[in-house]
Every structure is written in structure tokens, then in C-alpha cells.
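Trainee: I would like to learn how to read the features of a protein model, one kind at a time. Could you take me through it with the structure in view?

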Amino acid sequence: MLRVLVRTGTESCRAVSTSSAVFSIPVKKDELSAKELWERRSKLRIPKLQKDEQLSSKVYFAPEWDLEKKPNLDEGFVDPLKGYGMTPEKWEYYNKVVWQPNYIVPETGLPKTKEVFHCKESVHFSPKRMWAACQLVWKMNVDEAITQLDMQQLKGCTILMETLKKAKTRAANEFHIEYPSQMYVADAFPVQSNIVKGARRHAHDNWNTIRYRYIHIFVRLEEGPAPAQKQRHATKSGWDHMDAYFNYLRSRSVKYSI
């Protein structure tokens, strides 16, 4: 049933649906391809009006987060400027969240996938060079990612390969995932943790500061096939650019023509 609200002035009419909510029928995840799964996820980015949004009830259990507790167990006032952003404590907290059995995500109509959050702390390495290694394996199958990193003769790839192996081992032993090889790297990124400053003496008594950078490596494995493309949209090929150029040529018009 549809009810129409008419407003005076310059505002237009607006239709409000008063019928009951229609729930999507759950679909088995194995029946959909990786492209269809990624299309469903991309629909979640469509913005909704806040006044029409209905918040769902809490359907998960998570331990209470002690806001007064500091990660380094210091005493005194909690400084919000310390420990901001992603920290190993926050990343490991996601593993403690318990969802309902066979929980169906209402936005996609699919069962919630199993996830494993793992972090390797205080690694003496550059965050910029580790970022390149993380982008290599991002949204790639975990076994294929380990193989690709093993073939790269770089220190950052070796460190990230050991991190993925540890996360895969935790998925099998700690979280009891039956097929850990069927997971993919949903997230992989470094965050700089500490900078230890030193000094080096050069000729003529010139002293320079040396910065020893330490990073945290965050990895999230998700169950299911890897998406078809890494970015939100597939990369255009030469044929796609050619079609776009032909459409531009055909759409031209002569200005002030009859």
C-alpha cells in the first residue's frame, strides 16, 4: 500500500511506503561467483538518508572495552593523542567478537564469512617498503600470496610471508576453520609504531640523527574466493578505451547548426 503526502509551496510530493518489510531470501555463498559477491558488497557503499535508516538490534557478543586502561599500563589521565588509530589491542579485539550461528547479513542476504585478524608487532622495517609488499598480496588467495612473496627476494616480502603463514596457522588451530587454504587476504597494511633515535659521527665531528623505525603489520584473512579485481571497478582495457573514444566521436555535433 502506498500513501502520498502532499505539501504546499515549492516542495514536491513524496511517496512513503507503509507496507511490511520484505526480507531477502538467504542464498548459499557457494552458488554465487566472486564477481556477484563483489557486486553485492559494492552496493553497501550506496548512501542512505539517516532519517530513513533503521538501526538493527545488537546481534553479537563482545567483551566490554575498558576505556581507562592503557595499552602500556601507565598510570594517570588517558591521553587520546596516544594510541590513536589502529593498534594491536584493537585489532585482536575483533577476534573476541562472537556472532550468532548462521547469521545472515541483512544487506547482502548471505551468511557472515569467517574472519581471522592477526598482527605482528614491533618489526624493524620501513613502513613505505612494507606497503609495497602488502599491495602485492592484497585481495589475493592466501596460498597464492605466500607463493608470490616467496619468489620475491626482498626482506619485506619475507616478513609478510611469515605473517601470513602465522595467520593461516591460527585460522586452522585457534579458530578451527576447516579449509584455511580457501581464504584470501582481505586486508594487509603496516602502521608505524615506534621510532628509536640514534646518532652517528662523521668526519670533522659532524653528528647526524639516525631513526630506527618499527612497524606493526596487520593482516585480515576472510573465507571465500578472492574478488575478481582489486579496485572497486575493473581496470579498463584498450578495447574499452577504444569504445569510449568512438562514442565520443559519434556524439559530436556542429555548434549553431541547422
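This is a predicted model: local features need pLDDT of at least 70, side-chain atom pairs count only at pLDDT 80 or more; totals for chains, interfaces and linings use all residues.

Trainee: How many salt bridges does a search of the whole structure find?

Mentor: The search finds nine salt bridges, and a pair is counted when a side-chain nitrogen of Lys or Arg lies within 4 Å of a carboxyl oxygen of Asp or Glu. One of them joins the side chains of Arg-41 and Glu-222, at 2.0 Å from N to O. This pair links distant parts of the chain, since Arg-41 is in helix 1 (residues 34–42) and Glu-222 is in strand 9, 181 residues apart.

Trainee: Are Arg-41 and Glu-222 buried or exposed?

Mentor: A residue counts as buried under 20% relative accessible area and as exposed over 50%, with partly exposed in between. Arg-41 has a relative accessible area of 33% and is therefore partly exposed, whereas Glu-222, with 2%, is buried.

Trainee: With which residue does Asp-187 form a salt bridge?

Mentor: Asp-187 forms a salt bridge with Arg-220, and their closest N and O atoms are 3.1 Å apart. Here too distant parts of the chain are linked, with Asp-187 in strand 8 (residues 183–202) and Arg-220 in strand 9, 33 residues apart. Asp-187 is partly exposed, with a relative accessible area of 25%, while Arg-220 is buried, with 14%. Salt bridges that share partners join Arg-41, Glu-115, Asp-187, Arg-220 and Glu-222 into one network.

Trainee: How should I read a pair of aromatic rings, and how many aromatic pairs are there?

Mentor: A pair of aromatic rings is described by the distance of the centres and the angle of the planes. The count here comes to nine aromatic pairs. Among them are Trp-91 and Phe-117, whose ring centres are 5.1 Å apart and whose planes stand at 80°, so this pair is edge-to-face. Because Trp-91 lies in helix 2 (residues 88–93) and Phe-117 in strand 7 (residues 115–124), the pair ties together parts that are 26 residues apart in sequence. Both Trp-91 and Phe-117 are buried.

Trainee: Is the pair of Tyr-94 and Phe-117 stacked or edge-to-face?

Mentor: Tyr-94 and Phe-117 are stacked, with 5.0 Å from centre to centre and 25° between the planes. Tyr-94 sits in the loop between helix 2 and strand 4 (98–99), and Phe-117 in strand 7, 23 residues apart, so that distant parts of the chain are linked. Tyr-94 counts as partly exposed at 41% relative accessibility, but Phe-117 counts as buried at 8%. Ring pairs link Trp-91, Tyr-94, Phe-117, Phe-189 and Phe-218 into a cluster.

Trainee: What is phi of Asn-102, and where is this residue found?

Mentor: Most residues other than glycine have a negative phi. Phi of Asn-102, however, is near 55°, a positive value, and Asn-102 is found in the loop between strand 4 and strand 5 (104–105). At 73% relative accessibility, Asn-102 counts as exposed. Tyr-256 also has a positive phi, near 60°, and its place is in the segment after helix 6 (238–250). At 75% relative accessibility, Tyr-256 counts as exposed.

Conventions: Residues are numbered from 1 along each chain as its sequence is written. Side-chain values use heavy atoms; hydrogens and water are left out. Rings of Phe, Tyr and Trp (its six-membered ring) pair if their centres lie within 6.5 Å; planes under 30 degrees apart count as stacked, over 60 as edge-to-face and the rest as tilted. Helices (H or I, at least four residues) and strands (E, at least two) are DSSP runs, numbered from the N terminus. Buried means under 20% relative accessible area, exposed over 50%, partly exposed in between (1.4 Å probe, protein chains only).
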